[in-house]
Amino acid sequence: MTTDPAASPGSPASSGSPASLAGMAGSGRLAALLDRATTGPDDQAWSDLWTELFHNGTLDVSDPLVMTALSDMAGGDMARGDDAGTAAAALHLAGALLVQADQRWETRDLRQRRASEVARMVAAAGRLRRTTTDRNDYCYLLEALLGLEGDIHWAEDLFWGIVNEEYELDCPDPECCAPVWVVVGERGFFSTAQDYALSDDVETLPLRPAAPDALDGLGRRLHGMALADGHAEVADALTYAFGEAVCPSCERRFPVAGQIAARTG
């Protein structure tokens, strides 16, 4: 742990100004939360880290403690850091924080400044995904990997739909814009303009999955990884996410992934 700046005469923190004291308090809070997350299973610590780093921004995501600690947890260098659950949680948060920083500051400054930690976490995500057996945990790990790599900004929405087995989108036709539910999972693979969860008597239209050998770019890569890692169900769902749906209101056919990305903006 770094030396407390308040102990050094003449340092900014020793002035006792409200801004300096607030910074000290924030740094202490951050260190305590990271320590709790590292040294044992503490769901509340992770919840607080997400709230204060990602949602509210009350702690400084650019603090050197953040990426260093998350990288150590993911890479197994700290106590319990080699625990798969801790590593996955660290990767998920780190990926989300980097994407948010890219979007908020319109620069990759944080990603570039913490390049060595990011590279370690990308490697850790690559190792962990090959041994993760739970379907949803695997999806979150792929989301984290994309966030760490900085490839796209809509990975969260892409994998949210696969985990929850549905997407709520809008028809892309400017004269329609009707809400369209795209369902991918145990309940089937279809689109509907009604809330199918509230009624068994709704009109549904089958989705058109992308042929695996016709996939390209990100879709091809994710599909290939899922198959290679033994997650055939996730690979199958991805063919529908990168396939086409039909709006039941105007009958326009549209690419599902295109509307997921459009909704994210």
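## Ground rules

Residues are numbered from 1 along each chain as its sequence is written, and side-chain values use heavy atoms, with hydrogens and water left out. As the model is predicted, local features need pLDDT of at least 70 and side-chain atom pairs count only at pLDDT 80 or more, while totals for chains, interfaces and linings use all residues.

## A strand with two faces

Let's start with strand β1, residues 166-170 (strands are DSSP runs of E, at least two residues, and helices are runs of H or I, at least four, numbered from the N terminus). Y167 and L169 point to one face and are buried (under 20% relative accessible area, with exposed over 50% and partly exposed in between, using a 1.4 Å probe and protein chains only).

What does β1 pair with? Its partner is β2 (residues 179-185), antiparallel, over five bridges; DSSP must find at least two bridges for strands to pair. Opposite E168 you'll find W181 of β2.

## Rings that pair up

There are three aromatic pairs, meaning rings of Phe, Tyr and Trp (its six-membered ring) with centres within 6.5 Å; planes under 30 degrees apart are stacked, over 60 edge-to-face and the rest tilted. One of them is W50 with F54, edge-to-face at 5.3 Å and 70°. Both sit in helix α2 (residues 43-55), four residues apart, or about one turn, and both are buried.

F189 and Y240 are stacked, because their centres are 4.1 Å apart and their planes at 20°. This pair links distant parts of the chain, strand β3 and helix α10, 51 residues apart. F189 is partly exposed at 28%, whereas Y240 is buried at 15%.
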